[in-house]
2 protein chains.
Amino acid sequence: MRIDKNTIYFDNPVSIYSTSSIVGPIESKSKYRNYFDERVDDDMFGEKSYEKAECKFQIRAIQQLLNNAGLYIDNIDLSISGDLINQIAVSSFATRSLNLPFIGVYNACASLGEALFLGASLIDSGNYNNITCTTSSHFASAERQYRFPLELGNQKTPTSQWTVTGAGSILLSTMNNKTKIKGATLGTITDYGVIDVNNMGAAMAPAVYTTLLKHFEETGRDADYYDCIITGDLGKFGSSLLKQLLSKDNIQLSNHFDCGAMIYGDNKKAIQGGSGAGCCSVMFGGYFYKLLQKKQINKVLFMPTGALLSKDTSLQGETIPSISHAIIIENDEE
Amino acid sequence: MRIDKNTIYFDNPVSIYSTSSIVGPIESKSKYRNYFDERVDDDMFGEKSYEKAECKFQIRAIQQLLNNAGLYIDNIDLSISGDLINQIAVSSFATRSLNLPFIGVYNACASLGEALFLGASLIDSGNYNNITCTTSSHFASAERQYRFPLELGNQKTPTSQWTVTGAGSILLSTMNNKTKIKGATLGTITDYGVIDVNNMGAAMAPAVYTTLLKHFEETGRDADYYDCIITGDLGKFGSSLLKQLLSKDNIQLSNHFDCGAMIYGDNKKAIQGGSGAGCCSVMFGGYFYKLLQKKQINKVLFMPTGALLSKDTSLQGETIPSISHAIIIENDEE
């Protein structure tokens, strides 16, 4: 039922029936390591290119998802997936082998939010029973596409982040599970004029800020309604900017968690923390979903964050637009 | 209501309330020229780069759509758009100025099919009233990204096509209009092992073939049910391959139209015809929709076609996967 411009609620139950997460070598040293389904020691994953390796991460994430859910590929109606690689080639090639109807999405690192919104809408429509929502990223494929070849050995700047190598998949289903997607507030593109491509946190914090204010306004809720407000990959610096922006509206987030700021802990190599479309998918699928299932948390606003730049737009002097969709995830009350 | 794996029907009416089309200089010489809303003489559109020009094409297509529909931007709930440029940057930057919730899609030149499926599903769900579905392409931005800089003056090969410079937008709405989206058969990724990046028609014809057979099987319809079966951008060579594939199943398409084969007519410069995500959006929005509105045709199966390669996947020796979604468009019976 539509209530206003950006927020919708789903009339029919949309369960998050299962999740999966698979990560690379550096992520395998994370303090959340034991939450991930699979940890891969070799960032090439036995493949000949970083892109093919990332593709394998996605395939394994979906296979693991099926294992976790006790389903076969034939039980899946539709695959919605996205990644950061040009023409989302990783998602296309991963889905190629699965013989599933394919919906490719791109909202950069907010693609998982977009996928969950679309998947939940399609389940809600009554036309689909089981939909996989999958996103991935890979440190090395992202570095060479967006920045420089690793072989150059470039230094990272103080506000930069470390792209997560990994893939996570989420199964949306009509099959009952206490953890459900109840609604969503869609983001609009926000651009505060940031031009530093090594400061994604600054580019994306305003998108979270905008969507969050809209969410509170349209739902009548405040931050305390949720046990956790989880952002995708603002990183530590971006998270502090979000708090500054919100403080102007006298909003304090005591329950804010950022997947990017969390995943690498105090690992100095990651500077401000993790990023990439795989960051929030492995952290939500691996960690937060398990807290929800154990009822250690019950109400979550999940806000993947995406910077909608390309290498060309930056070279052509454009600022960095960003977007964040907020997904309302709650356990059924008993 | 779900009937089977790939085909769904919409329970609620989803009108195609309006369309728009805007094309570049070469397309302005097309025999369909008078069907397009706007013809632009300058392929730079007064901008400093091809990418910015393509962005302006998208913005103008949506503005023209609003004009044609008699609506304001505030009446639009959601923008679903896609293009071929890395990170679909054209769509992101075009939508940035519109302040609309944004869903970025990528299925290459099949993105319009994906957008129409998603838009119609969201209208059908009852949560949205007016959704724009927009795709674009630009000859020069596509050439330099996928192939070579224009300045090199490379010759085109005999099976190559010419990327359409243009953008088209389609307004899906709960407002009544006789032309409606009744359902869709989603495509799965098909790969017959084609590796020639200058032969998109050969890569994509099998995707149409696969989706079409599935559509006939699942709906119980045959080709004659439709007045027109419209494919996106197979081109002349790809269209002949499609007929060969279908002839093995004793299916003859007497009502097949390919937007790519049509748009440039006998213009030798275009070799096998048009291509690009803007090809089917300007031809459907500009031409076929008007035939539907005049009831010269009443039942259409619209099948945008996409080749899911990237420059990197080809350089890494991959074959070219492709996809085609079939959208069922019919006029209400009187």
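What radius of gyration would a compact globule of 334 residues have, and what does chain A have? A compact globule with 334 residues would have a radius of gyration near 20 Å, and chain A has 18 Å, which agrees. The model is predicted. The secondary structure of chain A comes to nine helices and 16 strands.

**Chain A overall**

- The C-alpha trace of chain A spans about 55 × 50 × 35 Å along its principal axes.
- Of the 334 residues in chain A, 67% count as buried; the cut-off for buried is under 20% relative accessible area.
- Chain A has an accessible surface of about 11,100 Å², and carbon and sulfur atoms account for 48% of that surface.
- Taking contacts in chain A between residues at least 6 apart in sequence, 78% join residues at least 24 apart.

**Helix α1 of chain A**

- Helix α1 of chain A covers residues 50–69, which makes 20 residues.
- From its first C-alpha to its last, helix α1 of chain A reaches 29 Å, close to the 28 Å expected at 1.5 Å a residue.
- Helix α1 of chain A is mostly covered, with 14 of its 20 residues buried.
- A:Gly70 follows α1 of chain A and has a positive phi, near 70°.

**From β4 to helix α2 in chain A**

- A:Gln87 is found in the loop between β4 (78–82) and α2 of chain A, and A:Ile88 is found in the loop between β4 and α2 as well.
- The phi of A:Gln87 is near 60°, a positive value in a residue other than glycine.
- The phi of A:Ile88 is also positive, near 30°, and this residue too is not a glycine.
- A:Gln87 counts as buried because its relative accessibility is 4%, under the 20% cut-off.
- A:Ile88 counts as buried at 2% relative accessibility.
- A:Ser92 lies in helix α2 of chain A, which runs over residues 89–96.
- With a relative accessible area of 0%, A:Ser92 is buried.
- Not counting residues up to four places away in sequence, A:Ser92 touches A:Gln87 and A:Phe102 in chain A, and B:Ile189 and B:Leu308 in chain B.

- A:Thr134 lies in strand β6 of chain A, residues 130–137.
- A:Thr134 is buried, with 0% relative accessibility.
- Leaving out residues up to four places away in sequence, A:Thr134 touches A:Gln58, A:Ile62, A:Ile80, A:Ser81, A:Gly82, A:Gly168 and A:Ser169.
- A:Thr134 and A:Pro304 are 170 residues apart in sequence and 13 Å apart in space, C-alpha to C-alpha.
- In chain B, B:Ile62 is found in helix α1, residues 50–69.
- B:Ile62 is buried, at a relative accessible area of 1%.
- Residues up to four places away in sequence aside, B:Ile62 touches B:Leu98, B:Thr134 and B:Ser169.
- B:Ile62 and B:Thr134 are 72 residues apart in sequence, and their C-alpha atoms are 7.5 Å apart in space.

**Two loop residues**

- A:Asn177 sits in the loop between β8 (166–173) and β9 (179–185) of chain A.
- A:Asn177 is buried, because its relative accessible area of 11% is under the 20% cut-off.
- Apart from neighbours within four places in sequence, A:Asn177 is in contact with A:Ser15, A:Ile16, A:Tyr17, A:Tyr289, A:Gln293 and A:Asp332.
- A:Asn177 and A:Ser136 are 41 residues apart in sequence and 25 Å apart in space, C-alpha to C-alpha.
- B:Gly276 lies in the loop between β12 (274–275) and α8 (277–293) of chain B.
- B:Gly276 has a relative accessible area of 2% and is buried.
- Beyond its neighbours within four places in sequence, B:Gly276 is in contact with B:Leu84, B:Cys109, B:Ser137, B:Thr163 and B:Asp233.
- B:Gly276 and B:Phe148 are 128 residues apart along the chain, and 16 Å separates their C-alpha atoms.

Conventions
Residues numbered from 1 in each chain as written. Chains lettered and ligands numbered in written order. Predicted model: local features only at pLDDT ≥ 70, side-chain atom pairs only at ≥ 80, totals over all residues. Heavy atoms only, no water. Helix = DSSP H or I, 4+ residues; strand = E, 2+ residues; numbered from the N terminus. Rg over C-alpha atoms; globule rule 2.2 N^0.38 Å. Buried < 20%, exposed > 50% of the residue type's maximum accessible area, 1.4 Å probe, protein only. Contact = heavy atoms within 4.5 Å. Areas by Shrake-Rupley, 256 points an atom, 1.4 Å probe, with all protein chains shown as cover. Expected span 1.5 Å × (residues − 1).
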